[in-house]
Amino acid sequence: MTHTIQLLGEQTIYQARQTHTQLWQALHEHNEPLQLELAGVTEVDSSLVQILLWLVPEAKRLGRPLTMGEPSAVLAEVLAVLGLSAILQSEGAGHE
Amino acid sequence: MSEYDSALPAFLDEAHELLAAMESILMDVQGQQPDSEQLNAMFRAMHTIKGSSGLFGLDAIVRFTHEAENVLDALRAGELSFDDELNTLLLRCHDHVKAMLQELDHPDVLASMAAPPLIDELKAYFRQQTSGDISPLAASATEAPAAAEQSWLISLRFGREVLADGMDPLSFVRYLAESGELGGLQTISTQLPGGDAFDPEQCYLRFELVYHSAMPLAKLNDVFEFVRESSQIHIFPLATAGRYLATVTQGQDEAEQQAVAAAWQQLGVVIEAEAEVVTEAAAVEAVAPLASNLQFAQAAKQASGAVARKTEHKETKTTETRFIKVEASKLDNLINLIGELVIAGAAANLIARRSGQSAQIESTATIATLIEQIRAGTLSMRMVQIGEIFSRFPRVVRDVSKELGKSIELHISGAETELDKSMVEKLGDPLMHIVRNAIDHGIESVETRLAAGKSATGNVWLNAYHESGSIVIEVADDGGGLRKDKIVAKAVANGLISADAMLSDNEIYKLIFEPGFSTAEQISNISGRGVGMDVVKRGLEALRGTIDIDSAVGEGTNFRIRLPLTLAIIDGFLVQIGKSTFVIPLEVVVECIEVPDDLKSDGTHSHLNLRGEVLPVLNLSEFLELGEPPGKRQNVVVVNYGESKAGLLVDNLLGEFQTVIKPLGQLFSHLRAISGSTILGSGEVALILDVPALIEFAKQKEVADFAGQTEQGRAQLH
Amino acid sequence: MGALALKTSKERVQQEEAHLDLSQYLTFQLCGETFAIGILAIKEILEYMPMTQVPMMPDFVRGVMNLRGAVVPVIDLSLRFGKGETTVRRRTCVVIIEIEHDDQQQYFGVLVDAVHEVLAIADGDIVPAPQFGNHIRSDFIAGMAKVQNRFVVLLDLSRALSVEEMAQLAMLDETALDVAESAAEEHVSH
């Protein structure tokens with residue numbers, strides 16, 4: 001069993017609070033491994049980057065396996081520019 | 001997203017103001033070199049619009065204004081010289097930005113406007129100007145070729161509130177990537193807290209990046225203008241950046257210091273061990289003597305220029321804050337409240353007078369005076385200078401005369417004349433129509449003018465002045481004048497008048513405002529945009545305005561528009577008919593006379609002898625079917641309508657009264673003789689008579705009555 | 001003036017009874033009958049005061065009055081219903097109604113003989129108006145409410161105070177004139 005969360009559409013400062021809460025709950029209220037799908041993200045700003053930067057060590061700290069799916073082109077480009085593409089291949093990145 | 005929506009109108013307002021300023025400068029200079037203040041103002045217009053557009057994610061506008069800004073910057077730096085061609089190019093840039101602002105609701109359209117052919121023209125112009133032989137002066141140490149690329153190390157440590165303030169650190173990186181080349185970027189997130197301390201709406205990011213670009217340092221600095229206060233932004237020439245590591249990490253924790261050092265090494269910056277803390281300003285200063293490189297000297301020069309500009313910017317800011325933008329509805333509410341205050345004050349006055357206590361009477365009188373001052377003050381807040389609309393005409397005249405191959409000079413006077421803001425908005429279109437008409441039909445072609453012994457250049461005058469409580473706007477030209485015979489012929493052909501109609505000059509001229517007068521052969525690209533001059537007439541009537549025309553064949557035409565200063569208040573003359581009180585606009589009242597005993601009356605109409613003239617008299621009580629018996633002593637108010645006079649029969653004259661106009665609402669919208677209402681000091685509502693409409697109505701009714709009689713007569717004959 | 005403090009009681013009752021499908025209605029006397037209107041449209045109730053007559057308007061427009069700085073038309077519903085003119089007596093009131101027209105709030109004053117009481121009527125106690133046998137135009141009736149074994153007519157004010165219809169009626173005089181006028185013009189041109 002895996003708990004899957006899909007991030008969709010615009011993921012900017014306007015959604016940051018909600019997305020963060022959703023992920024926080026997923027980390028704290030479920031015991032299954034967490035799978036984060038990022039292919040549906042259409043708009044990104046720094047806030048989503050920060051959330052991902054927070055999520056990876058946080059999952060590790062809580063001992064929760066975390067895998068992240070293929071990012072959408074927009075997100076992939078942003079992470080590449082910021083030199084952060086590696087965070088998607090966090091621990092147990094054995095997807096597909 | 002509601003913040004976005006609420007901020008957008010302010011952005012549009014500001015953008016339009018800036019564009020208007022830019023346009024008026026471009027119109028003023030007419031191909032002459034603008035002074036530095038004008039250059040700065042134009043640069044600021046493009047720059048500010050670019051910055052704000054970025055905040056709203058309007059990338060297309062950012063891209064375009066960026067190009068325009070580059071040209072203006074080069075111009076400011078003396079790298080380009082100003083000429084007629086550039087003047088036209090910049091006007092077109094202004095137009096394009098304006099057009100883009102119109103398309104905010106259509107992102108697709110907007111995106112397609114980001115790089116119009118105009119950009120290539122700008123760039124071509126830029127190249128052609130700058131690649132020409134560089135004068136010895138330009139080649140000296142003070143000037144560097146504009147296209148020289150240099151490398152910078154940029155350290156961006158964003159403030160916590162940056163995201164919440166609506167700025168995205170990523171957007172800066174994107175912008176830099178578009179306007180130059182990113183030579184590497186390291187993201188540092190050591191400040192990003194783990195666990196529950198993380199707040200997703202705070203910003204914890206820091207970017208260290210290498211940037212190659214031809215952008216001058218001053219401009220590079222400007223990129224970060226909107227985050228400079230909240231964030232720590234450092235820009236160093238890449239070659240010497242290594243010595244400033246301590247500067248950029250000053251006061252930060254060890255993890256961050258190490259991360260920055262590691263990032264710099266990744267970016268290829270050679271860190272100098274004996275680095276000392278230098279302030280940024282000193283850093284730039286230090287660059288100049290150290291570097292034998294021309295570019296650095298230029299950078300330093302521009303950096304100091306940036307400081308100078310900043311102070312300048314501050315100065316203009318203080319002038320700007322002398323104005324406060326207020327929502328019109330707030331002002332209207334205030335005016336309504338003051339209207340009520342006037343009424344309440346009048347009631348208090350009455351009570352005081354009844355009480356007979358002199359101290360009380362005195363204090364209510366003082367209050368009444370103050371209320372009057374407050375009212376006048378509030379109403380004056382709505383007043384703006386008519387120059388606001390006049391200022392768009394130089395451009396129109398220039399463009400249209402070019403298009404028509406005519407040479408026309410526009411003379412503006414009285415631009416400081418004030419009128420109500422809401423009128424200014426509605427006046428723009430009718431006025432534009434008249435001016436275009438004057439250029440198109442009024443001013444003759446150069447050949448015709450020369451043949452008639454006139455100067456080749458035609459003149460159009462725009463003038464405004466106050467006259468007895470109204471504003472008068474004149475649009476005059478020294479063109480061919482109106483041909484009465486032609487107008488009459490056309491009006492007859494179009495069925496507007498019968499062939500044997502006897503009309504005064506003014507009546508003939510006014511035919512051009514009739515719907516259906518403008519015919520296909522007359523429609524040109526300029527004035528005949530599918531609507532005739534009747535639009536002008538309707539527009540002005542909606543503003544309670546009138547228009548008169550003077551014209552002399554071969555000499556020119558003068559359109560004289562007369563408007564009330566405001567739609568919100570009216571100087572009225574109060575009359576009583578039976579129990580009802582009516583307001584007659586003071587501007588139409590000529591005089592008041594007592595009714596002579598021998599007034600002959602046949603129904604609602606009659607006439608009397610006014611110093612030898614026949615004055616038709618309308619019995620208001622009967623005409624308005626008030627059903628009240630006439631008072632013992634009646635009066636006649638003599639009013640003007642157009643060129644004629646008429647008398648209105650009323651019972652009592654109650655005197656002059658300045659008052660706030662209240663609309664009557666849709667239920668009464670068909671009432672032609674009544675234009676609105678007002679609230680009297682007693683709290684009662686009084687109706688305002690629309691005198692020209694009233695008399696027109698009375699005429700029609702009379703014609704109808706007679707027609708009815710004839711019909712009856714005919715019926716009896718058969 | 002004699003404005004009743006409707007709002008607070010209105011809000012309180014609304015809260016209490018919202019879940020019972022009860023709505024609040026004001027009953028009043030008009031040309032000898034009892035009518036009711038939904039309380040939400042009512043802004044306030046004023047004692048009758050003299051108003052300004054507007055010439056060239058149909059009889060049922062009694063005039064305009066000053067409602068704290070706004071000029072509000074006052075309608076004689078009795079005349080609008082095709083009955084006699086409302087005579088002003090001691091208990092005559094003006095009920096100020098808010099109506100939405102063209103997305104704008106518009107105020108009307110309605111002249112009534114007397115205001116009775118505020119009633120809570122359950123939606124289930126309201127039946128459609130019979131198709132005939134009504135004393136007023138059936139499209140002015142929103143429904144009939146059974147109150148203590150008799151029926152009270154609930155008025156549909158958006159119809160009875162329809163700005164379009166009233167403005168059209170008001171224009172009739174002038175249209176008649178326009179017809180005569182065009183006849184006259186034709187005559188002149190011959």
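Helices (H or I, at least four residues) and strands (E, at least two) are DSSP runs, numbered from the N terminus. I am working from a predicted model, where local features need pLDDT of at least 70, side-chain atom pairs count only at pLDDT 80 or more, and totals for chains, interfaces and linings use all residues. Residues are numbered from 1 along each chain as its sequence is written, chains are lettered from A and ligands numbered from 1 in written order, and side-chain values use heavy atoms, leaving out hydrogens and water.

**Chain A**

I looked up the secondary structure of chain A and found three helices and three strands. Along the sequence they follow the pattern β-α-β-α-β-α. Chain A has 96 residues, and 49% of them count as buried (under 20% relative accessible area, 1.4 Å probe, protein chains only).

**Chain B**

I then traced an open sheet of five strands in chain B, with the order S6-S8-S9-S11-S10 and mixed pairing (two strands pair if DSSP finds at least two bridges between them). Its edge strands are S6 (408–413) and S10 (546–552) of chain B, each pairing on one side only. I noted eight bridges between S9 (residues 470–477) and S11 (residues 556–564) of chain B, an antiparallel pair. For B:Ile473, I found the bridge partner B:Ile561 in S11(B).

**Chain C**

I checked the pLDDT (the predictor's confidence in each residue, from 0 to 100) of chain C: the average is 79, and 80% of the residues score at least 70. Over residues 1–7 of chain C the pLDDT is below 50. Residues 175–190 of chain C also stay under 50.

Key
Contact means heavy atoms within 4.5 Å. Buried means under 20% relative accessible area, exposed over 50%, partly exposed in between (1.4 Å probe, protein chains only).
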